[in-house]
Structure formats: C-alpha cells, structure tokens
Amino acid sequence: MKTTREQLLATLACGVVLAAAPWLLSDFLLALALSCLMYAALALSWAMFCGPTNYLSLATSAFFGLGAYVTAWSLGTLPYGAAVLAGGLAGSAFAALIGAGVLHLRGAYFAVITFGLGELALHSITYTEKTYFHTAGRIIGDPPENAVIYWTVLALALAAAATAILVRSSRLGTALRGIGSDEERAQTLGVATRRVKVLAFSASAFFPGALGAAMAVRWTYIEPLSVFNPFIGFQTVLIAMLGGAQTLLGPIVSAVFFTLVSEFLRLRFPYVFLILLGLLLIVLILYLPGGLASLLQRRFWRAGAR
Amino acid sequence: MPAEVLLAARAITVRFGGLVAVDRVDLEVRHGELVGLIGPNGAGKTTFFHALSGVLEPDEGRLLVGGEDLTGRAPHVFASHGVARTFQTPRVFREMTAEQNVRFGLEFAGRTRAHAHHAFDDAGTILGVLGLEAAAEVPAGALTPARQRLLEIGMALGARPRVLLLDEIAAGLTHAEIDGAAQLIRRVRDELGVAVIWIEHAVRMLMSHVERVAVLHQGRKIADGDPRAVARDPGVIEAYLGEEGEPVREAA
C-alpha cells in the first residue's frame, strides 16, 4: 500500500534527522530527547495492542523492569546490544506467558491482573536477588556512552513505529480491530482470536523489555523498585490515551508533549505534578476515551458530512 | 444420487444449569439444501445455531462439517471449515465501513477457501448483490438496523461458506426487502451450492421460501420435512397453538 510505504519512509527520514542529535545537542537536551524517544516507543508499543483491541494493560512497567534486570545480570558477559535484544525477548516471553493466562479477561479485570502480575514479577526478582545473590540492588559498571544509549533507544523507537505501521495495514491489524469491536464475531469469521491476542501482546512487549534493558545503564545503581516503577506503566497508558491509542501519530506527539511538560513540572513542582497527572488520567478516561486525536477526527468527520 | 452431507448434527444437547435448551437434536443438511428452522419462542433455535457454529460447545452430541468431526472446536475452526452465520441482533463491526466488514470474512475464514462463483469473491460485488454498494464507505454502526442485518449476510458470505446459518434476517425488513433477501439466498444456494439453514420468526414467510423445514419445540426436534406436510403435522400445530397460535395453517 502506498500510504504504508510513505509512512515508513517518513519514519526513516525522522530517524536520519534524529540520529544527528548527539552531535548537536547539549547533554541536558540529549537526555530530554532520550526521554521523549523512550516514551514515544513505549506508548507506540502499548497502543499497538491495546489501541485496536481496547484492552487496558498495566504490565508495561513489568516488561520494562524485566528488561532492565536482564541488562543488570548480563552486562559484562553480553555486549550491550545483545543485552537489549535479550531484554526485549524477556519482555515478549513474559507477555506470552501472562497473555495465555489472562487475555480472556476484559476491562478492569485485565487491567488489575496485569498490574498484579507486574507486582508479582517485581517481588519475585526482589526475593531472588535477596535469597540467592544476597543483594538488594546492583551496580552497573562500565555503561556505554550516552550517544550509544541514545542511538539504541532511537533505533527501538523507529522499530516500534515501523512495527505499528506494518501491523495497522496487515491482516493482524484487521484481526485486532475485529477483536476490539466484537471478539466473538471476529471468531465466527475465522480469526483464531486467542492465538492472535497472545501473539500481538507478546510482540508488543518486546519494546518495553528492550527499552528497559537499554535504559538500565542510565542508572548506575538499580533495584527492583526503581525499574519496576509502576509510574512508567501509568505514564505510558496516559500518553497513549492522551494522544489517541487508535492513531499512529497520537502517541508520538503526545509522548513529546508530555515528556517536555512533565520534565518542566517535575523540576518546578514535583508534588503538584503527580496530582495533575492523576487528574488528567481520570478526566481522559471519563470524557475522552479516544484521546485528543478523536477530537480532531470528530471535527473532520463533521466537516466532511456538511 | 443424494448430495454430499455438509453439516451433520448428531444428538446435540445443550444444557443451561437444569434447563435443557437443546435436547438430542439431529439434523443433516446437504449440498444445495435450503432448510427452514422454526419453533415457538424459547424452542432452542438460536442456542442450536450457537452449537452449530461452535460459539457454544454442546454438552453432548457430535458435529460433523464436511465429514470432519469438529465437536468442541473453537468458532474460528468452524468458520474455516465453511460454517458461516449471522446473528439475530446484528453484530457488525461498528467502527469499520460496510466494505471492511464484508472484507473481514474474506481475509480470514474465506481466505483459503474457493468459491465457484466470482460474484461472491469480492467485497464490492457482495455489497452490490445486497444492494448496499452506496453504503460501502459508511461506518457499519451508522447503518439502519435493517441494513445491518443485510450486512451481516454479506459478512457471512465473505467467509465463503459451505453452510450458511441465518438467524432471523427478515426481522425489521419491508416485504420488498424480505423478497430481495430471499431471492439472494436462493441465488447464493443455486450458484454456490451452499447449504442454508434459516431461522425465522415469521413462519409463513419462511415456509414460502424453503424446501424443507425442521421444527424445534422445547429443545426437541418434533418435525422435519416438506413445509406443507410439516404445517399439517398435528404435533407442530399443537406446539404453536399451545403457545400463541402462530398461523402455521395459513402456510399450507
């Protein structure tokens, strides 16, 4: 399809431009750009599955934390790139496991159980570390240069965007939209819904896993509570919903907007910032389940009808 | 030579707690058959359809599609073996356009199956046959309920069925629309050799369009055969008169 190719080319062009950032930006701005890219990739990968299917997954921080621990355990034996890949695969494997178990649940039940399973992963790792390695946290020695981390996260963000574009225009994307609209109807028209859901959920979890692995080296010391921080998952959901989880550009634009605003607020008013965030989430879920993009679309629709 | 049996239900039983909704029902439909399925409210018709399409696993009995035993398999397996259905309350994909709704079946259940006739191989043509070509780009949720019912047929046809299960497609349609739908169903049957099982609440209308009719009453099959003979069957008359006096006799 022509538009798909155009979207992929646009993604590639953005990638080429953004790849120059380490030579152009100050350390502070590069860190900010890194944050934008990370949240764009997280939101894109979340929206890849949750957007069309209307599932609300809160497991993002679990995948992220697992990925981070893969790096913590393997850096030194594995090169950075391999650790990132392994982190992604760990995210996918965990998602496949929990997906096979709980994807028959819907709505709040699914949200709560994915959150709970994330906590389970967190506490399992805490327990394992304490019992077998007698440590509460790990020091990450010899991290790669900031530019390398930036390019890795950029590559992951581009891969997430490309995957989202390809899924949307593929039969997988159609199947996911059918599942979101009426799962049983999709099944009676030939979609192996269970398999499709587990596959897509698992594939989308590669990105938070790999991002966790890539970002872990930014901290010199990591412990379960810092990398399994549920805030990462909430923020991902919020960004995707704010932008419109059904759209492609929505999560990207919203990730940039949100990261910049939150960085500003976090520096100025750390407590008010969290309150604002909570309020925003509530308002969005109540009044704008389709995100800001749905406002725009509605307006276009009306304009078109006139 | 009798035609190939496409769908065979053997002693299908479905229970909901203590209630036996479908009670040891046997039904065989052959290539090219057009069979009506009637019965008073609560007779178990829709539940029987749920079993035939895999949506609901029967507690007992076996289901054979094209000779293959699919008992207990998921609905998508039934669909990929050529069993397509409509739902009594239209269940179109509301956010997708009418054309995307029809294409859905073509892309999944219908993907690897072949049709003998090109008219039913393309979403645009299917919409044309249904008289919905003007609505192709309209989101299905914005169509009238009557048009959603027609679209349901289109979705089922997109799945390239060997067996087509129609659940009350005529409700809410005008007489002209019902005649159109009936003609379409005959055409599908004639051109593709599809076996059709058609549930309808409007018994008289249904009797005039099918060549064979089966009657369910309190979960049991109480009659199966030529519509005129069935309409004279004392058991069938009793079942209807006992309930609400549906005008079966007028069909004769």
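Start on helix α8 of chain A, in the view of its surroundings. Its buried residues pack against α3 (27-53) and α9 (193-204) of chain A, and also against α2 (75-80), β6 (83-85) and α3 (98-107) of chain B. Keep in mind that this is a predicted model.

**Stop 1: helix α8 of chain A**

Select residues 171-188 of chain A, which make up α8. What does the helix span between its end C-alpha atoms? The span is only 16 Å, whereas a straight helix of 18 residues would span 26 Å at 1.5 Å a residue. Now centre on A:Asp182. A kink of about 130° in α8(A) is centred there.

Next, colour the buried residues of α8(A). They are A:Thr174, A:Ala175, A:Leu176, A:Arg177, A:Gly178, A:Ile179, A:Ser181, A:Arg185, A:Ala186, A:Gln187 and A:Thr188. Then step past the helix to A:Gly190. This residue follows α8(A) and has a positive phi, near 105°.

**Stop 2: where chain A meets chain B**

Show both chains. Here 16 residues of chain A are in contact with 20 residues of chain B. Which element gives the most to the chain A side? It is α8(A), with eleven residues. By class, the chain A side that touches chain B has four nonpolar, seven polar and five charged residues.

**Stop 3: the nonpolar core**

Select A:Ala41, A:Val153 and A:Leu211. Of the 163 residues in the largest nonpolar core, these three touch the most other members. The largest share of this core comes from α3(A), with 16 residues.

Zoom in on A:Leu211. Leaving out residues up to four places away in sequence, A:Leu211 touches A:Met38, A:Ala41, A:Leu42, A:Phe64, A:Gly67, A:Val153 and A:Leu156.

**Stop 4: A:Pro224**

Go to helix α11 of chain A, residues 224-227, where A:Pro224 lies. Is A:Pro224 buried or exposed? A:Pro224 counts as buried because it has 23 C-beta neighbours inside 10 Å; the cut-off for buried is 20 or more.

Now draw a distance from A:Pro224 to A:Ala136. They are 88 residues apart in sequence but 8.1 Å apart in space, C-alpha to C-alpha.

**Stop 5: an open sheet in chain B**

Move to chain B. Four of its strands form an open sheet with antiparallel pairing, in the order β2-β1-β4-β5. Select β2 (19-30) and β5 (68-69). These strands stand at the edges of the sheet, and each has a single partner strand, so one side of each is left without a neighbour in the sheet.

Look at β4 (residues 60-65) beside β5(B). Two bridges join these antiparallel strands. At one of them, B:Leu64 has B:Asp69 as its bridge partner.

**Stop 6: strand β8 of chain B**

Finish on residues 195-199 of chain B, strand β8. Five of its five residues are buried, so the strand is largely enclosed by the rest of the structure. Turn the view to follow the side chains. B:Ala195, B:Ile197 and B:Ile199 point one way, while B:Val196 and B:Trp198 point the other way.

Which strands pair with β8(B)? One is β3 (residues 34-38), parallel to β8(B) over four bridges. In that pairing, B:Gly36 has B:Trp198 as its bridge partner. Another is β7 (residues 163-167), joined to β8(B) by five bridges and also parallel. There, B:Leu165 stands opposite B:Ile197.

Key: Residues numbered from 1 in each chain as written. Chains lettered and ligands numbered in written order. Predicted model: local features only at pLDDT ≥ 70, side-chain atom pairs only at ≥ 80, totals over all residues. Expected span 1.5 Å × (residues − 1). Bend = angle between axes of the 7 residues up to and from the residue. Buried ≥ 20, exposed ≤ 12 C-beta atoms within 10 Å, placed from the backbone. Contact = placed C-beta atoms within 7 Å. Nonpolar A, V, L, I, M, F, W, Y, C, P; charged D, E, K, R; others polar. Core = buried A, V, L, I, M, F, W, Y, C linked by C-beta atoms within 7 Å. Pairing = 2+ DSSP bridges.
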